[in-house]
Amino acid sequence: SDEGVPCFCHVFNLKLGLGDDNSSDIVRLAVSDDALVLAYSDGRIVLCNWDGPEGDSTRFAKEIPKRCVWRLPSECGSPTALVQGGSSVGGLVFAGTERGRIAVFKLHEEKVHKVATSHAPNAISAMLLSPEIVKLGAEAPAAKGLHLDMNLCCALFSGDSAGRIQRTWFCANFQANATGIAPHPELESELVAELASPVLALEICEQSGRLLISTAARVAVIDGVLSPEPLDAAEESKVRWIGSRPHRGELTATFIPMFGPERLIAARPGGRLWVAEASSGQVHTTLKFQGAGSEDKAVLGRLMLLNNGKVLSWSRTGTGIGDDVTDNSAITLLDLKTIAVCREWSMPPVTDAAFT
């Protein structure tokens with residue numbers, strides 16, 4: 001809501017024309033200002049215009065169908081990561097899978113475009129689309145088989161269950177070309193880093209372009225990932241760890257502008273949040289949260305920044321990949337201004353969350 005309090009709803013109760021088939025679980029979701037994208041365990045990828053079947057489309061939503069349904073090829077396996085591009089990239093939808101494949105879906109096309117990566121056989125566990133358009137030079141790793149206009153490209157970052165992070169360039173302004181994506185595109189993927197722990201979340205600082213990587217053991221920051229120059233994954237010095245102590249489980253980090261342009265918060269065991277500096281990795285302070293109305297420590301896990309200093313945390317057991325999700329999820333709404341827990345919920349396992 002506008003006050004930063006999350007609104008929970010069952011997507012089948014929304015008038016999105018999803019049908020009555022509730023047999024498949026929603027495993028991932030992605031949102032933009034114009035559309036909601038859902039990934040189902042049976043391989044379906046469903047995009048719905050936010051305006052719904054009865055609404056009047058505005059902005060880029062005018063070009064988005066009321067509902068698009070794609071299906072991943074059987075050889076790709078089930079979806080494990082999802083990201084949607086906004087109007088600047090024509091609303092492309094990317095789905096990562098349990099077998100290390102990336103599929104690209106384009107509006108008004110039924111064809112599934114596959115992207116060559118070296119993630120296989122590891123599951124792709126997180127993906128991120130760069131917020132900036134980058135002009136690739138003549139010597140930079142450009143995309144093969146795509147119709148580039150002045151080499152203006154976006155970067156797709158993907159992380160997998162083995163801790164490998166890759167960067168793949170693709171044409172950002174393909175929408176102006178009649179042919180769009182080539183029938184069999186082969187995109188050059190580069191290894192960004194190998195962190196030896198499952199990647200949980202990826203985020204880019206809009207001010208500095210630093211990549212924030214949350215894994216099941218540590219949180220790391222890497223500089224220069226939006227540079228058009230080829231990356232050197234063997235350069236270990238470029239990986240900057242946040243804090244000195246590792247953790248276990250689904251504890252993630254997120255940038256927090258209210259504390260400074262380079263500040264981030266990282267969930268820690270025992271209801272704690274580190275406040276750290278991305279440029280140095282130094283932890284400046286630790287915030288401690290108790291459960292709402294109790295003396296128990298708050299249960300923290302994955303973090304998502306909302307409005308007005310609010311942060312949503314959700315935790316679950318298991319990796320979230322395949323069948324490795326059990327028990328209930330603890331949902332916690334934090335107020336960073338008062339350093340207090342606003343509300344807590346307990347519900348069936350949450351597989352994903354998004355905010356726009």
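Figure 1. Grid points are joined across faces, edges and corners, and the volume is the space filled by probe spheres set on the points. Rolling a probe the size of a water molecule over the atoms shows where empty space is left. The structure holds 2 cavities of 30 Å³ or more. Which residues line the second largest cavity? They are Arg-218, Val-219, Ile-242, Arg-245, His-247, Ala-266, Ala-267, Arg-268 and Trp-274, where a lining residue has an atom within 4 Å of a point. Strand S19 (residues 263–268) gives the largest share, 3 residues. Sorted by class, the lining has 5 nonpolar, 1 polar and 3 charged residues; Ala, Val, Leu, Ile, Met, Phe, Trp, Tyr, Cys and Pro count as nonpolar, Asp, Glu, Lys and Arg as charged, and the others, Gly among them, as polar.

**Figure 2. The open sheet that contains S19.** Four strands form this open sheet, in the order S18-S19-S20-S21, with antiparallel pairing. Its edge strands, each pairing on one side only, are strand S18 (253–255) and strand S21 (283–288). From one strand to the next, the twist averages 20 degrees, taken between axes that are lines fitted to C-alpha atoms, with angles from 0 to 180 degrees between N-to-C directions. S18 and S19 run antiparallel and are joined by 3 bridges; two strands pair if DSSP finds at least two bridges between them. Look for Phe-255, which stands opposite Leu-264 in S19. Strands are DSSP runs of E with at least two residues, helices are runs of H or I with at least four, and both are numbered from the N terminus. By that count, the chain has 0 helices and 25 strands.

**Figure 3. Cys-76 in its loop.** Cys-76 is found in the loop between strand S4 (67–71) and strand S5 (79–84). Is Cys-76 buried or exposed? It counts as buried because its relative accessibility is 1%; buried means under 20% relative accessible area, exposed over 50%, and partly exposed in between, with a 1.4 Å probe and protein chains only. Leaving out residues up to four places away in sequence, Cys-76 touches Thr-97, Glu-98, Arg-99 and Arg-101, a contact being heavy atoms within 4.5 Å. Between Cys-76 and Gly-100 the C-alpha to C-alpha distance is 7.6 Å, while the two are 24 residues apart in sequence. Across the chain, 53% of the contacts with a separation of 6 or more come from residues 24 or more positions apart.

Figure 4. S4 pairs with strand S3 (residues 44–49) in the antiparallel sense over 5 bridges, and Leu-47 stands opposite Cys-68. Strand S7 (residues 102–105) joins S8 through 4 bridges, with Val-104 opposite His-113.

**Figure 5. Backbone spots worth a second look.** Most residues other than glycine have a negative phi, and most peptide bonds are trans. The peptide bond from Ala-120 to Pro-121 is cis, with omega near 5 degrees, and Pro-121 is found in the loop between S8 and strand S9 (124–129). Ala-196 has a positive phi of about 60 degrees and sits in the loop between strand S13 (189–194) and strand S14 (199–204). Asn-308, between strand S22 (302–305) and strand S23 (310–318), has a positive phi of about 55 degrees. Ala-196 is exposed, with a relative accessible area of 72%, whereas Asn-308 is partly exposed at 43%.

**Figure 6. Glu-190 in strand S13.** Glu-190 is found in S13 and is buried, with a relative accessible area of 11%. Its C-alpha is 9.1 Å from that of Ser-118, a residue 72 positions away in sequence. Buried residues make up 52% of the 356 residues in the chain.

**Notes to all figures.** Residues are numbered from 1 along each chain as its sequence is written, and side-chain values use heavy atoms, with hydrogens and water left out. Because the model is predicted, local features need pLDDT of at least 70 and side-chain atom pairs count only at pLDDT 80 or more, while totals for chains, interfaces and linings use all residues.

Definitions and conventions: On a 1 Å grid over the protein atoms alone, a cavity is a set of points where a 1.4 Å probe fits but cannot get out, and a pocket is an open set with protein on both sides within 12 Å along at least five of seven lines; lining residues have an atom within 4 Å of a point.
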